[in-house]
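Take a walk through this two-chain model, one part at a time. Keep the structure open as you read.

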Amino acid sequence: MLRYITKRVFAMFLTLLIIATITFFLMKLLPGSPFNNQEKLTESQRYALNEKYGLNDPVPVQYINYLGKLAQGDLGYTFQFDGRTVNSMIANGMGPSATVGFEALVFGTLVGLVLGIAAALKHNSFIDYGAMVMAVFGIAIPSFVFAGLLQYYVGVKLGWLPVAFWNGPEYHIMPAFSLSVGVIATVARFMRTEMLEILGTDYILMARSKGISKQAVIIKHCVRNSMIPIITILGPMAIGLITGSLVIENIFAIPGIGEQFVKSINLNDYPVIMGTTLFYSFLIIVIILVVDILYGIIDPRIRVAGGKS
Amino acid sequence: MKKSKWSLLLTLVLVLSMFLAACSGGEKKETGEKKGGNEGDKTEKPAEPQVLNILDGEEIPSMDSSQATDSVSFEVMNNVMEGLYRLDKENKPTPGVALSHDTNEDGTVYTFKLNPEAKWSDGSKVTANDFVYSWRKALHPDTLSEYAYIMGPVKNANAIQTDGDPLFGKVEELGVKAVDESTLEVTLEAPAPYFLGLTGFATFYPQKEEFVKAQGDKYALEANTLLYNGPFVLNEWKHNEGWQYKKNDNYWDKDSVKLDEINVKIVKDVATSVNLYETGQTDITGLSMEYVDQYKDHEDLYTRGEATVFFLRLNQNSKNSDALKNANIRKAIDMAYDKQSMVDVLLNNGSTPAYYLVPGEFTPGPDGEDFRKTNGNFGGYDLEKAKELWAAGLKELGKESVELELLNYDSDGAKKMGEFFKNQLEKNLPGIKVSIKAQPFKQKLELESKGEYDFSYAGWGPDYQDPMTFLDMFVTDGAHNQMGYSNPAYDKLINDAKKEMDQEKRWEMMLEAEKVLFEDQAISPLYQRGVTGLQKPYVKDLAHHLFGADVSYKWAYIEGKQ
């Protein structure tokens with residue numbers, strides 16, 4: 001297992017280097033300059049500013065300089081906020097994004113699992129149809145529509161929850177719920193399908209005929225084995241949620257990182273483009289690794305290396 | 001094995017929660033005492049809480065006055081900092097740190113006497129050296145401000161920031177001198193009657209060298225790594241979330257400041273802002289076009305004109321078509337679309353049609369009359385005349401049809417505007433075919449500066465309160481001309497006006513220059529931008545400015561809040 005993880009970590013760094021290289025050169029193809037009021041700058045002022053930020057150097061030199069700093073964990077300074085580092089921008093924005101994303105993921109997964117299991121166990125019943133109608137709605141209606149409706153009816157009309165901002169636990173409820181709707185729907189659908197398939201397999205019948213209680217069979221065999229595809233979809237979903245949902249963060253005025261990536265591209269904020277890309281890539285690679293390890297825990301047959309022989 | 005599997009899972013969950021907890025660190029509520037220079041004794045309790053709650057669309061990009069470039073930073077700084085002068089409620093320069101000033105005969109040397117009561121929030125005096133240090137910092141190649149060009153009127157400022165000039169980087173050659181601790185002498189390149197107003201612009205604010213150096217890299221990054229000398233201090237600054245102003249008890253004119261506290265939250269979504277207004281969590285909100293109709297009869301609705309003018313650049317150097325080299329074609333285009341309905345239907349936000357370059361109610365002349373009022377309007381919607389001019393132009397060109405490409409921004413509003421031009425021009429000018437190239441903001445500017453377009457949708461906001469900020473854009477080969485316009489008569493008027501000592505003559509020259517620009521129909525003006533929003537009636541005396549910072553809270557107060 002240790003050898004496997006070492007190999008994966010090495011591959012991870014190699015992947016990051018490739019991503020950094022490709023992003024760096026692609027980013028240099030972006031038109032425009034990173035200066036806010038470039039339309040008011042004269043040629044000479046533009047040259048002087050480019051010089052100040054090292055942007056007059058040939059691109060390969062800029063690339064080497066960037067890698068040198070990256071190796072020390074330094075993502076550079078953003079052009080948008082004077083004197084602020086990309087590291088601190090990511091660190092500040094990541095907290096709220098990750099918190100609301102994690103809450104949505106946990107809540108959405110739990111509710112989705114319960115709905116999916118209930119729908120499968122009560123196949124072709126009112127519960128099944130009800131759960132699936134909810135799932136269809138959850139997938140078809142975008143989260144920001146839920147967010148807008150919740151904000152207006154629950155926040156403005158009923159006054160039960162704060163309309164926006166990020167101050168205490170009550171401020172998390174509406175954004176997390178809005179984000180979780182898609183998760184609930186997806187997880188419920190996957191869980192129901194998997195459960196139905198597994199419920200019909202021979203080993204379940206075998207286990208039941210051996211006298212094991214229905215409850216034990218469902219929990220130990222059925223639910224557990226249905227989790228494999230759920231974990232597969234949860235990985236990428238977690239990245240999307242934890243790294244911030246631009247629209248939900250905007251609607252609820254959450255000071256997250258969601259907007260930074262898009263904005264940095266529009267503003268030619270090169271260090272932020274690089275920083276957020278690498279950070280997202282890093283998270284994705286780590287989550288893929290975590291998912292692979294989880295596979296092994298849930299189903300020993302998938303274990304890649306090591307373990308009990 | 002079983003045990004170890006679950007312990008591995010548990011470890012993963014724990015690591016993840018620790019990671020999240022670490023990430024969430026920044027959002028914890030402050031438990032300790034709040035810092036800031038606002039803890040002075042309040043002898044008198046006002047009749048009602050003097051607290052204003054407002055929203056802003058962006059985080060503050062910079063609080064280093066010598067580096068800031070954007071409207072959010074300028075607005076915050078205008079309320080926590082002060083230059084030699086500041087704009088009052090009527091947009092006239094009123095003493096700030098300066099107590100008074102003298103000028104030499106030709107108006108090129110200003111001597112400012114500083115107010116001995118002007119203090120930093122640490123209680124120390126604001127000195128002449130604080131200005132010299134900050135101004136030099138804005139121009140030094142290592143700390144060059146993106147807004148350094150605003151210092152252009154000060155002697156040698158342009159040379160210092162021009163690479164290759166013998167004075168490049170020699171900030172000590174800048175025309176600013178601390179005669180003594182409370183006397184500042186500024187030498188200008190040429191007389192600039194707007195200079196006093198310019199000293200209220202952020203780039204001209206003072207900075208205390210000793211404090212800046214002590215803070216090093218951390219200077220102005222947080223509320224407590226900055227000194228304030230304005231009506232308020234930044235008491236709290238939660239990045240990406242909002243900030244809080246508190247009244248500055250060290251401010252020399254603190255008796256004029258009535259608000260105790262201003263809470264600002266960052267909200268980017270207009271629907272959210274409107275919902276927050278409805279629930280009373282903000283006292284002011286801007287409205288986008290789609291909300292204006294919904295609130296048009298609301299008693300809190302306000303509409304205000306700005307000094308930003310939008311226009312069509314008509315590129316006479318286009319590689320694609322030489323049609324715009326022809327003055328009749330340019331005039332025909334200007335007359336062929338209805339500016340009034342464009343403003344009423346497409347913008348619907350208080351913007352007014354523009355038949356000029358220098359905006360209305362922006363700057364009065366030596367006679368006290370608004371520049372706009374004196375010079376009147378140029379051109380306008382006249383279909384018949386447009387068709388005549390168009391036919392004449394085509395004849396001169398020897399063509400029957402013209403294809404032009406409109407370079408546009410890619411925002412929704414701009415796209416609608418582009419469709420409007422296309423529709424109106426194609427309907428009203430026989431033989432014209434307009435294609436639209438919508439580009440992201442930066443790309444659009446890039447194409448414009450390279451001259452790779454036929455005509456484009458552009459705008460300009462003033463840097464200082466003088467017609468020159470608009471007019472000198474279009475001198476031959478000017479950095480912001482970008483459309484190949486050149487008229488020696490225009491250049492002469494602008495260059496002479498920049499050197500003219502007699503203010504009345506100078507004014508005449510600028511009025512004349514604008515006439516020349518429209519005789520040539522160098523541009524086709526579109527509209528003067530307006531803003532619409534909602535403001536609670538109990539918010540009084542907010543001062544809105546036409547250039548530099550948008551708002552001053554110095555004189556604002558709350559009265560009649562239920």
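In what order do the four strands of the open sheet in chain B stand? The order is β1-β10-β9-β8, and the pairing is mixed. Strands here are DSSP E runs of at least two residues, helices are H or I runs of at least four, and both are numbered from the N terminus. Two strands pair if DSSP finds at least two bridges between them.

This is a predicted model, in which local features need pLDDT of at least 70, side-chain atom pairs count only at pLDDT 80 or more, and totals for chains, interfaces and linings use all residues. Residues are numbered from 1 along each chain as its sequence is written, chains are lettered from A and ligands numbered from 1 in the order in which they are written, and side-chain values use heavy atoms, with hydrogens and water left out.

β1 (51–56) and β8 (232–238) of chain B stand at its edges. Each has a single partner strand, so one side of each is left without a neighbour in the sheet. From one strand to the next, the twist averages 20°. Strands of a sheet pair through backbone hydrogen bonds, either parallel or antiparallel. β1(B) pairs with β10 (residues 261–266) of chain B in the parallel sense, over six bridges. Look for L55(B): it stands opposite K265(B) in β10(B).

A helix covers part of this sheet. Helix α2 (residues 71–80) of chain B lies across β1, β8 and β9 (242–247) of chain B. It runs at about 20° to β9(B). Angles are taken between N-to-C directions, from 0 to 180 degrees, and axes are lines fitted to C-alpha atoms, for helices over the stretch in contact.

Chain B also has a hairpin. β6(B) and β7(B) form it, with two residues between them. Strand β6 (residues 176–180) and strand β7 (residues 183–187) of chain B pair in the antiparallel sense over four bridges. Within the pair, K177(B) stands opposite E185(B) in β7(B).

Next, a helix pair in chain B. Helix α9 (residues 327–335) and helix α12 (residues 383–397) of chain B pack at about 155°, with their axes 8 Å apart. α9(B) and α12(B) are therefore roughly antiparallel (angles over 145 degrees). Contact means heavy atoms within 4.5 Å. Among the residues that meet are I329(B) and M335(B) of α9(B), and L389(B) and W390(B) of α12(B). The contact divides into ten nonpolar, two polar and three charged residues. Ala, Val, Leu, Ile, Met, Phe, Trp, Tyr, Cys and Pro count as nonpolar, Asp, Glu, Lys and Arg as charged, and the others, Gly among them, as polar.

Chain A is built another way. It has twelve helices and zero strands. Its C-alpha atoms fill a box of roughly 85 × 60 × 30 Å, taken along the principal axes. Helix α7 (residues 173–199) and helix α9 (residues 214–242) of chain A pack at about 150°, with axes 9 Å apart. α7(A) and α9(A) are therefore roughly antiparallel to each other. Residues that meet include F190(A) and M191(A) of α7(A), and I230(A) and I233(A) of α9(A). By class, this contact has 17 nonpolar, three polar and one charged residues.

Finally, the two chains together. The contact takes 58 residues from chain A and 62 residues from chain B. The area buried between them is about 5400 Å². Buried area is the accessible area (1.4 Å probe) that two parts lose on being put together, summed over both. Carbon and sulfur atoms give 57% of it. E39(A), K40(A) and F165(A) supply 14% of the area that chain A buries against chain B, more than any other three residues.

Key:
Parallel < 35°, antiparallel > 145°, perpendicular 65-115°, else oblique.
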